[in-house]
Amino acid sequence: MSDTPILSIEHVGVRFGGLVAIADLHFDVHAGEIVSLIGPNGAGKTTAFNVMTGFLKPSQGQVRFRGTSLQGLQPHEIVRLGLGRTFQRTSVFPDDTVFDNVMIGLHRQGRARVLDTLLGRDRAGEARLRERARDLLDWVGLSGRAGEKAGALAYGEQRLVGVALALATEPAMLLLDEPVSGMNASETQVFVRLIRSIRERGITLLLVEHDMPMVMEVSDRIVVLNYGRLIAEGPPAAIRADPAVIEAYLGHSSAALHQDGAGRTAATETIDA
Amino acid sequence: MIRHIPALALLAALAALPFALGQNPYLLNALITTGIVTIAAMSLNLLLGFTGQLSLGHIAFFGIGAYVSALTSLGFDVELVGGVRVVHEPWPPVVGFLLAVLATAACGYLVGRLSFRVRGAYFVIVTISFAEVVRLVALNWVELTQGPLALTGIPPFSLGLPGLGTTTLRTKLQNYYLVLVVGTLCYALIARLVASRFGRAMRGLKENESLALSVGINATRTLTVAAVISAAMAGAAGSLYAHYLRIIDPDVFLFSTTVTMVIMVVGGGKGTLLGPIVGGLIFGLLPVALRPVMVPEAQWMVFGLVLIAIQFVMPKGIVPGVARLVTRRRASAATAPRIPMEVRP
């Protein structure tokens with residue numbers, strides 16, 4: 001792990017008119033880490049992702065990726081720097097096959113210009129891209145679905161297509177927005193293995209996720225947001241026991257219960273669940 | 001290669017068609033103008049069908065192509081603001097064709113750059129306004145365009161290589177094959193584009209723009225390039241039109257022609273390679289069939305009814321509808337023999 005973080009969120013704030021989506025968010029992610037960003041619904045997690053990937057301009061603060069400020073950069077420019085992302089809901093190109101989805105995702109890996117295409121000069125490059133697409137589908141475990149329309153896949157499989165698309169951009173860091181929502185327990189386990197294999201290839205991961213057992217299992221570090229503010233940060237064990245986190249998820253009285261020990265099991269279970 | 005069979009069969013049929021019709025000049029004329037508008041519809045489909053952007057001023061590119069090509073081959077003598085006099089001696093129509101393609105490509109770039117920042121409804125409005133402005137220029141810059149008096153005596157195309165002599169395309173049959181060749185080239189070009197990295201970028205933007213941006217596709221650049229190619233093709237069609245009819249007036253910018261092109265694309269199946277051709281042939285030749293029985297104004301109502309009927313039976317247009325029927329029949333043919341065996345007790 002290097003001393004300079006791969007991603008720095010520097011006092012980022014987002015306001016939509018009078019509504020404060022993110023008040024003041026400040027944290028770092030280091031290369032090689034798996035970090036999870038958690039918090040109740042409406043805490044500002046997806047908003048934070050949208051700021052990091054250029055889909056939203058922050059009202060204050062900035063994001064740095066590998067030392068470069070992302071201020072004023074468009075989404076397609078940010079992904080070229082090596083910061084990939086997936087989406088919470090619409091993670092596929094629905095009318096194309098799974099294979100063609102990945103081929104679209106490999107856009108930056110192709111070098112063919114429009115003129116090359118018109119003159120038929122990019123055959124070798126296309127063959128190389130198809131090879132790469134097959135490798136990526138193999139990696140996420142969708143080889144058997146290559147010929148099917150992405151929009152017709154089960155929800156969990158669509159998430160995998162989304163991950164394959166993001167991996168196709170050859171990111172140094174990947175932001176996954178609720179990757180296991182809509183997956184059953186066994187699919188989630190398969191996905192946890194996929195996340196680890198992504199890390200093994202040297203890709204840093206930042207997740208937004210509601211599935212607490214999965215978050216606890218996979219994360220090196222957890223960042224907790226509530227009402228657009230960072231309320232806790234640390235390894236899974238510390239987060240599980242953090243009174244502020246328990247209060248955010250269960251309300252004040254539960255946190256009090258947790259303090260005196262009587263509700264410990266109930267409260268930790270809820271955070272686990 | 002197999003996926004090109006329907007297109008190749010259609011090409012063979014179109015190549016043989018004049019002989020099947022006994023070279024009837026009235027029908028040939030209808031086929032030529034239909035072919036020219038179909039090329040324009042193919043260019044519109046590149047934007048509407050493959051990027052999802054509706055250009056309701058597409059006729060502007062067609063008309064600019066027609067005027068540039070006509071003026072290049074006729075020559076002109078105009079005085080610009082400040083007393084600058086521009087005199088142009090006539091050049092061959094082939095040069096006019098190339099300049100028409102280049103000029104409309106440049107217009108496509110401008111319109112694309114201006115409007116793709118906003119997209120959707122704004123793009124529709126910008127393209128309509130552009131077409132109207134260009135029409136007014138053609139109508140009022142009388143010194144250059146003759147205004148409503150029309151540009152007349154436009155020379156027909158002449159083809160040839162230095163040393164081998166040239167042929168001037170005077171007959172309808174020659175012009176028919178010229179349109180067929182240009183149309184085939186446009187088809188091949190679009191087919192190649194759509195199957196390429198660039199085509200995937202267009203589809204990605206159409207299906208899920210945020211996701212396309214997140215994999216590094218530059219929306220403005222992709223859509224602008226699509227607009228440039230689309231405009232250049234419409235300009236080529238306009239040039240063919242000018243040298244075939246040999247007379248053009250500001251009516252080439254009529255809004256209703258854009259509407260016809262949209263009907264061709266939507267009826268035939270937008271976002272498919274063959275859709276605009278099938279739609280173009282149907283709606284281009286429908287007036288020929290209807291002319292003996294009704295006035296042009298009434299034909300428009302039939303157009304509407306036919307389009308509604310097509311959309312009712314095949315919501316995505318004829319080509320996708322037929323493709324679906326074929327795959328379904330194949331699928332049921334493959335499973336049919338098994339059913340009695342499963343039913344048997």
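The following questions and answers concern this predicted model.

Visitor: How far apart do the C-alpha centres of domain 1 and domain 2 of chain A lie?
Guide: Chain A is divided into domain 1, residues 7–241, and domain 2, residues 243–273. Between the C-alpha centres of these two domains of chain A, the distance is 31 Å.

Visitor: Which element gives the largest share of the side of chain B that touches chain A?
Guide: The contact takes 29 residues from chain A and 21 residues from chain B. On the side of chain B, the elements that give two or more residues are α7 (172–194), α8 (197–207) and α9 (209–214). The largest share, seven residues, comes from α8(B).

Visitor: How do the residues of the side of chain B that touches chain A divide by class?
Guide: This side of the contact takes 21 residues from chain B. They divide into five charged, seven polar and nine nonpolar.

Visitor: How many nonpolar residues does the contact of α12(B) with α13(B) have?
Guide: From α12(B), residues B:F283, B:L286, B:P287 and B:L290 meet B:Q299, B:V302, B:F303 and B:V306 in α13(B). By class, this contact has no charged residues, one polar residue and, as the number asked for, nonpolar residues amounting to seven.

Notes:
Residues numbered from 1 in each chain as written. Chains lettered and ligands numbered in written order. Predicted model: local features only at pLDDT ≥ 70, side-chain atom pairs only at ≥ 80, totals over all residues. Domains from an automatic or database assignment. Contact = placed C-beta atoms within 7 Å. Helix = DSSP H or I, 4+ residues; strand = E, 2+ residues; numbered from the N terminus. Nonpolar A, V, L, I, M, F, W, Y, C, P; charged D, E, K, R; others polar.
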